[in-house]
Amino acid sequence: MQVSKTNAMRILDAKKIIFEVLSYDNEDGKIHGIAVAEKIDRDPEAVFKTLVSHSGPSLYVFVIPVGAELDLKKAAKAAGEKKIEMLPVKDLLKWTGYVRGGCSPVGMKKLYPTFIDSSAEPLAKMAVSAGKIGLQMELAPKLLANTVAAKFIELTRHDSTDGTP
């Protein structure tokens, strides 16, 4: 299947960054991360979703594993803010140029401060949206971080099930 390049892919190409395009069928309408990981036959721990938040007029981008939940306190601390909130889905296209389910950390309308969950750092490859529903890009985490000037930091909740803190 011939895939037309997205803005995110063109940026990586221009920077001569090696990546693999992974496409998946979206006819069932399932765009949540775990379903996408299954569709591209990758471990959910190596497939990441892109979340956009704001504090007042400032926007921040967080890239976390698809099965994880963003810890807003950790995210606010990473961003140097007292409090942050998720950007309403209706505002995503306006501020990023992307839609829900196809939001890539690469190629947004502006380069917003970006943070990648520290669980990505030791991975050989991670998958993120290529900027269109049905397409993922797989690349080395450090190359992604360099492309979007991201910092690796712990961003997710670690709720224990055995009662220990």
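These legends describe close-up views of one predicted model. Local features need pLDDT of at least 70 and side-chain atom pairs count only at pLDDT 80 or more, while totals for chains, interfaces and linings use all residues. Residues are numbered from 1 along each chain as its sequence is written, and side-chain values use heavy atoms, with hydrogens and water left out.

**View 1. Five strands form an open sheet.**
The strand order is β4-β2-β3-β5-β8, and the pairing is mixed. Strands here are DSSP runs of E with at least two residues, helices are runs of H or I with at least four, and both are numbered from the N terminus. Two strands pair if DSSP finds at least two bridges between them. At the edges lie β4 (85-86) and β8 (151-153). Each of these edge strands pairs on one side only.

**View 2. Strand β2 pairs with β3 and with β4.**
β2 covers residues 48-55 and β3 covers residues 58-65. The two strands are antiparallel and share eight bridges. Lys49 has Ile64 of β3 as its bridge partner. The β2-β3 hairpin has two residues between its strands. Gly56 in this hairpin takes a positive phi near 60°. β2 also pairs with β4 in the antiparallel sense, over two bridges. There, His54 stands opposite Glu85. Seven of the eight residues of β2 are buried. Buried means under 20% relative accessible area, exposed means over 50%, and partly exposed lies in between (1.4 Å probe, protein chains only).

**View 3. The largest pocket holds about 470 Å³ of space.**
A pocket is found on a 1 Å grid over the protein atoms alone: it is an open set of points where a 1.4 Å probe fits, with protein on both sides within 12 Å along at least five of seven lines. Grid points are joined across faces, edges and corners, and the volume is the space filled by probe spheres set on the points. Lining residues have an atom within 4 Å of a point. The largest pocket has 21 of them. Closest to its centre are Lys49, Thr50, Leu51, Arg100 and Gly101. α2 (33-39), β2 and α4 each supply at least two lining residues. β2 gives the most, with five.

**View 4. Lys5 and Asp13 meet in a salt bridge.**
A salt bridge is a side-chain nitrogen of Lys or Arg within 4 Å of a carboxyl oxygen of Asp or Glu. The structure holds seven of them. For Lys5 and Asp13, the distance from N to O is 2.7 Å. Lys5 is partly exposed at 44% relative accessible area. Asp13 is also partly exposed, at 32%.

Glu69 and Arg157 meet at 2.4 Å, N to O. Glu69 has a relative accessible area of 47%, so it counts as partly exposed. Arg157 is partly exposed too, at 38%. Lys74 and Glu154 form another salt bridge, at 2.6 Å, N to O. Lys74 is partly exposed at 25%, and Glu154 at 39%.

**View 5. Arg42, Lys125 and Glu138 are linked in a network of salt bridges.**
Asp41 is found in the loop between α2 and β2. Asp41 has a positive phi of about 55°, although it is not a glycine. Its relative accessibility is 64%, so Asp41 counts as exposed.

**View 6. Ala149 has a positive phi near 55°.**
Ala149 is a residue other than glycine. It lies in the loop between α5 (141-148) and β8. At 55% relative accessibility, Ala149 is exposed.

**View 7. Leu93, Val99 and Ile133 form a nonpolar surface patch.**
Patches are made of residues with over 30% relative accessible area and no salt bridge; nonpolar side chains (Val, Leu, Ile, Met, Phe, Trp, Tyr) are joined within 5 Å, and like charges within 9 Å. Together the three residues have about 220 Å² of accessible area. Such areas come from the Shrake-Rupley method with a 1.4 Å probe, and for residues only the protein chains shown count as cover. Val99 is in the loop between α4 (89-96) and β5 (114-117). Val99 is partly exposed, at 42%.
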